Amino acid sequence: MHATETFGHYAQDYHHTALPDEVIHHAKRAVIDWYASLFPGLAADPLAQLEQVLADDLDRGRARLGNGRRATARAAALYNGTAAHAAEVDDSFRDAMYHPGAATIAAALAASQDAGASGLDFLRALVLGYEVSTRIGVVLGRPHYQFWHNTGTVGTFGAAAAAGGALRLGAQPFAHALATAATFAAGLQQAFRMDSMSKPLHAGRAAEGGLLAAQMAARGVTGSLDVLDGDAGLGQAMSNGPDWSQVGATLGRDFHITRLTFKNHIGCGHTFAAIDGALALREQHGLQADDIAHVQVDTYRPALDIACYERPTTANEARFSLRYVVATALARGSVRLAAYEPAQLADARVRELMTRIDVRVDPAIDAAFPGQRAARVEITTRNGAKLVHLQPNRKGDPELPLSDGELESKFLELASPVLGTALARAMLAELWSLERAVAPPAVHGR
């Protein structure tokens, strides 16, 4: 049996199996975090341009953009998937090196709105997308992540599986949806090694492509069922010929959606262990920026490869600058959306502190990636003291999870400027009761 068929058989059984209450709760947490990511992304590039390009698919259809505008399902998936990744606030599944929510929930929501599904149907669809896609990402492994942006590649499978769940595809159509989705999977890391607007579009295109694959499979379109594990398949072409034989071994027993990472800072998640370590030392020793003579950050290789900008000049570059976010954390005590506004980007105190920060790969920390995302921060003060903190996990990882209350605070912080406080609180209450809703969520007052 090919990997696509393994997932197809699981999906068919899944349609008739109740989910544990714990899984439903974690699915609602994922949705709350997705909206917290979506709302600030609406104002980011390239959302305004994308809305203009999609004009022919707007003001009709049964789906909704994140700004409340009516749209066809595919346009909504593309737009909302892009927005949910644009502000760099979205969730991740660490072992798959992948932000599953942006594309998976965008596709699940568009397909569910289009089909007139219930809130519970929507939750079930997105859980299926998470469980299938994260397993594909784990099998592809670190060799895939060397060049490919998993949120674009693996995200296409999350979107296809979620849309297939919303459409209640049987075993064979579901397998064919994944097979077709594999031929759409794309997204290169080089796209964000230079300042550009392409990165969030990876998530949007994954959402659109996965939805399209499921819609076509529902109408009888077939794909090559060995496209993942075949001799010229995705595993050979985009990884190192991985073993697919156990890809479905824990399906239905170990729900990956219960072990997500939710971001506790704004920016590239590879920098977060270093931010947490710097903040710990700042708080423990009452440090101010002027007290610091030198900062040494030791972490894993992808953090240096991806958060690579030494002298960022734009908001996009700053989100991917390990030196910038660590300096911001030490100087200001947090890294929030305001850190990427022009005034803070030009802050002379932060810029000067960046010149005193060095970063390097620690072999032991690197060997633990991707299962552990650690950093060691050593600060030498101007009076000669050496202060060291090893941050083994990031706040927001499964080992240090955001509580429901902390997740609510994140949602209100990021949604309230867009919706207003009252509407944001009302929407939050509705998201917590989604399993009882007659329809998927929609934006209030739009």
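Is Arg94 buried or exposed? Arg94 is buried, with a relative accessible area of 9%; buried means under 20% relative accessible area, exposed over 50% and partly exposed in between, with a 1.4 Å probe and protein chains only.

The views below show a predicted model, in which local features need pLDDT of at least 70 and side-chain atom pairs count only at pLDDT 80 or more, while totals for chains, interfaces and linings use all residues. Residues are numbered from 1 along each chain as its sequence is written, and side-chain values use heavy atoms, with hydrogens and water left out.

**View 1. Salt bridges around Asp397.** A salt bridge is a side-chain nitrogen of Lys or Arg within 4 Å of a carboxyl oxygen of Asp or Glu, and the search of the whole structure finds 28 of them. Asp397 and Arg94 form one, with 3.6 Å between the closest N and O atoms. This pair links distant parts of the chain, 303 residues apart: Asp397 is in the loop between β6 and α18 (404–419), and Arg94 is in the loop between α4 (73–86) and α5 (100–115). Helices (H or I, at least four residues) and strands (E, at least two) are DSSP runs, numbered from the N terminus. Asp397 has a relative accessible area of 0% and is therefore buried. A salt bridge also joins the side chains of Asp397 and Arg394, at 2.9 Å from N to O. Arg394 counts as buried because its relative accessibility is 4%. Through shared partners, salt bridges connect Arg94, Arg394, Asp397 and Glu399 in one network. Side chains of opposite charge can pair when their charged atoms come close.

View 2. Two strands pair if DSSP finds at least two bridges between them. Strand β3 (residues 292–299) pairs with β4 in the parallel sense over five bridges, and Thr299 has Val361 in β4 as its bridge partner.

View 3. Arg360 and Asp298 form a salt bridge with the closest N and O atoms 2.6 Å apart. Arg360 belongs to strand β4 and Asp298 to strand β3, so the pair links distant parts of the chain, 62 residues apart. Arg360 is partly exposed, at a relative accessible area of 45%, whereas Asp298 is buried at 6% relative accessibility.

**View 4. Helix α19 and its buried side.** The twelve residues of α19 (residues 421–432) reach 17 Å from the first C-alpha to the last, close to the expected 16 Å; the expected span is 1.5 Å times one less than the number of residues. Ala424, Met427, Leu428, Leu431 and Trp432 are the buried residues of α19. They lie on the same side of α19 because they cover an arc of only 135° around the axis. The arc is that of the directions from the helix axis to the C-beta atoms. Ala422 and Arg425 are exposed on the other side of α19. The cover over the buried residues of α19 includes α2 and α18.

**View 5. Backbone exceptions.** Most residues other than glycine have a negative phi, and most peptide bonds are trans. The peptide bond from Asp45 to Pro46 is cis, with omega near 5°, and Pro46 lies in the loop between α2 (21–41) and α3 (47–53). Phe369 and Pro370 are also joined by a cis peptide bond, with omega about 10°; Pro370 is in the loop between α17 (363–367) and β5 (375–381). Asp59, in strand β1 (residues 58–64), is not a glycine but has a positive phi of about 65°. Asp59 counts as exposed at 52% relative accessibility. Arg168 has a positive phi near 55° and is found in the loop between α7 (150–166) and α8 (171–182). At 47% relative accessibility, Arg168 is partly exposed.

Definitions and conventions
Contact = heavy atoms within 4.5 Å.
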